[in-house]
Amino acid sequence: MPLTVYSADDTLTQVSTTGRRDMPMTRPLVDGRLDMTMMYAIHAALRRDLAALAVSAAAAGDDPDRLYATHVGWELFKRFLTIHHTSEDDSLWPSMRAAVAGRPDDLELLDAMEAEHGRIDPLIKALDEALADRESGHDRLGDITDALAHEVTRHLTHEETDALPLIGRVLPEEDWVKFGDLQRARVGMEAAPMYLPWLLDGAPADRVEGVLKYIPPQLHEPYRKVWRRSYAEQNPWSTEHREA
Ligand SMILES: [Fe+2]
């Protein structure tokens, strides 16, 4: 199915996506090991947004109307965090359980990964409720934001320190591909114009290059010439306008 995008000259064009609704990927191996570029890129984007959320929440303490100015950034963070975690819960952790069957310490680590996801979900709901509460939501925003940042940051670090090395050692390549395919399908091709600039906002050049290896070449030009600018113009966290 072709993806309709705005070209650099602002005309609508259609980009072939090789008939798939998700973004196809290249072989996920580097020097014979699973390539975790996308995983680290997503984690970096989540950390970046948590920092932006903290700034926004602090500003909202003085100006409750500012709560609403953070909605675009919050909706993107929530959407892509949820897709990432549910894809891990539905595909990655079950595959890992099979790969480490009979190894109690490793199974305990996977239990911890799922439990940490479970502690994050109610905080997302609480932040949604605070943002929707025009009367007193801003009073709660700071504490909820702190708790969310604490839980997500702790979880990402735990995953990177313990789970990703284990995944690298034991997970079959086809299961890593299956997890990546599920996550990309849930993001969906139609969201690519927003997802890709979100994922790479503020990323160093080597990470941008690493991620673009997994993106069909025909989407690179729309990303570089149009999508980044559109994303910056949406100004997701209502910070000072930044050039793409
Ligand atoms: Fe992750």
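Q: Which residues of α3 and α6 meet?
A: Ile83, His84, Ser87, Asp90, Ser91, Leu92 and Ser95 of α3 meet Asp175, Lys178, Phe179, Leu182, Gln183, Arg186 and Val187 of α6. Two residues are in contact if their C-beta atoms, placed from the backbone, lie within 7 Å. The residues of this contact comprise 5 nonpolar, 5 polar and 4 charged; Ala, Val, Leu, Ile, Met, Phe, Trp, Tyr, Cys and Pro count as nonpolar, Asp, Glu, Lys and Arg as charged, and the others, Gly among them, as polar. The model is predicted: local features need pLDDT of at least 70, side-chain atom pairs count only at pLDDT 80 or more, and totals for chains, interfaces and linings use all residues. Residues are numbered from 1 along each chain as its sequence is written.

Q: Why are α3 and α6 called roughly antiparallel?
A: Helix α3 (residues 71–99) and helix α6 (residues 173–187) pack at an angle of about 155°. Angles over 145 degrees count as roughly antiparallel (under 35 roughly parallel, 65 to 115 roughly perpendicular, the rest oblique), so α3 and α6 are roughly antiparallel.

Q: What makes Thr153 partly exposed?
A: Thr153 has 15 C-beta neighbours inside 10 Å. A residue is buried at 20 or more other C-beta atoms within 10 Å of its own, exposed at 12 or fewer, and partly exposed in between, so Thr153 counts as partly exposed.

Q: Which residues does Thr153 contact, leaving aside its neighbours within four places in sequence?
A: Thr153 is in contact with Arg47 and Leu50.

Notes. Axes fitted to C-alpha atoms, helices over the stretch in contact; angles between N-to-C directions. Helix = DSSP H or I, 4+ residues; strand = E, 2+ residues; numbered from the N terminus.
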